[in-house]
Amino acid sequence: MSATELEAYILKAFPDAQIKIDDLAGDGDHYSCSIVSEAFRDVPRVRQHQLVYNALEGHMGGKLHALALRTSAP
């Protein structure tokens, strides 16, 4: 999965998101992603990450091998 594809999935679910993506291994399979969205306000961290994984529509663990995730509200 390309960083552009990853960003598109996230923006589809969180249109207001500020996203920073780093390709950790240069292989398009291992990313670090920081997402800031109002949707995360007052939502527990585990639930925030679940929301992001749901936004990836089943590609986590398949097309996307690894994602180090940081989420927060503005």
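1. The face of helix 1 turned away from its buried side carries the exposed residues T4 and K12; exposed means over 50% relative accessible area, buried under 20% and partly exposed in between (1.4 Å probe, protein chains only). Helices (H or I, at least four residues) and strands (E, at least two) are DSSP runs, numbered from the N terminus.

2. This is a predicted model, in which local features need pLDDT of at least 70 and side-chain atom pairs count only at pLDDT 80 or more, while totals for chains, interfaces and linings use all residues. Residues are numbered from 1 along each chain as its sequence is written, and side-chain values use heavy atoms, with hydrogens and water left out.

3. L6, Y9 and I10 are the buried residues in helix 1. They cover an arc of only 95° around the axis, so they sit on the same side of helix 1; the arc is that of the directions from the helix axis to the C-beta atoms. Their cover includes strand 1 (18-23), strand 2, helix 2 and strand 3, with contact meaning heavy atoms within 4.5 Å.

4. In helix 2, the buried residues are Q48, H49, V52 and A55. These fall within an arc of 115° and therefore line one face of the helix. They pack against helix 1, strand 2 and strand 3. V46 and N54 are exposed on the face turned away.

5. Just after helix 2, E57 has a positive phi of about 50°.

6. I35 touches I10, F40, V52 and L69, among others, not counting residues up to four places away in sequence.
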